Amino acid sequence: MTFWSRKQTEFEEMYEMICQRPGIKSAELARLLGVSRSTIARRLPSLEEAGYLLYEDDRGRLWPFSGK
């Protein structure tokens with residue numbers, strides 16, 4: 001079992017929050033989810049590996065990747 005599949009619930013919650021609040025910063029996402037900023041930073045690459053595609057702009061805001 002891969003790491004990300006064990007954390008699927010957390011990843012889904014994180015991705016949903018980003019979809020609901022496009023342009024959210026990592027610090028705000030951490031606050032809303034009740035985790036540290038370092039937890040968010042560790043989870044972001046794993047989200048991509050799990051198939052949740054995001055875009056981080058030059059201001060550090062997170063956006064769901066639409067593929068368009």
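Biologist: In what order do the strands of the open sheet come, and is the pairing parallel or antiparallel?
Modeller: Keep in mind this is a predicted model. The order is 1-3-2 across three strands, and they pair antiparallel.

Biologist: Which ones are the edge strands?
Modeller: Strand 1 (24-25) and strand 2, each of which pairs on one side only.

Biologist: And how many bridges hold strand 1 and strand 3?
Modeller: Two bridges, with strand 3 covering residues 61-64. K25 has R61 in strand 3 as its bridge partner.

Biologist: OK, which helix packs on that sheet?
Modeller: Helix 2 does, touching strand 1, strand 2 and strand 3. Its direction makes about 95 degrees with that of strand 3.

Biologist: Switching topic: how many aromatic pairs are there?
Modeller: The structure has one. The ring centres of Y15 and Y52 sit 5.2 Å apart with the planes at 45 degrees, so the pair counts as tilted.

Biologist: Where in the chain are those two?
Modeller: Y15 is in helix 2 (residues 8-20), while Y52 is in the loop between helix 4 (37-49) and strand 2 (54-56).

Biologist: Are they buried or exposed?
Modeller: Y15 and Y52 are both buried. Across the protein, buried residues are 32% of the 68.

Biologist: Last one: what's the element order from the N terminus?
Modeller: It runs α-α-β-α-α-β-β, with four helices and three strands.

Notes:
Residues are numbered from 1 along each chain as its sequence is written. This is a predicted model: local features need pLDDT of at least 70, side-chain atom pairs count only at pLDDT 80 or more; totals for chains, interfaces and linings use all residues. Side-chain values use heavy atoms; hydrogens and water are left out. Buried means under 20% relative accessible area, exposed over 50%, partly exposed in between (1.4 Å probe, protein chains only). Rings of Phe, Tyr and Trp (its six-membered ring) pair if their centres lie within 6.5 Å; planes under 30 degrees apart count as stacked, over 60 as edge-to-face and the rest as tilted. Two strands pair if DSSP finds at least two bridges between them. Contact means heavy atoms within 4.5 Å. Axes are lines fitted to C-alpha atoms, for helices over the stretch in contact, and angles run from 0 to 180 degrees between N-to-C directions.
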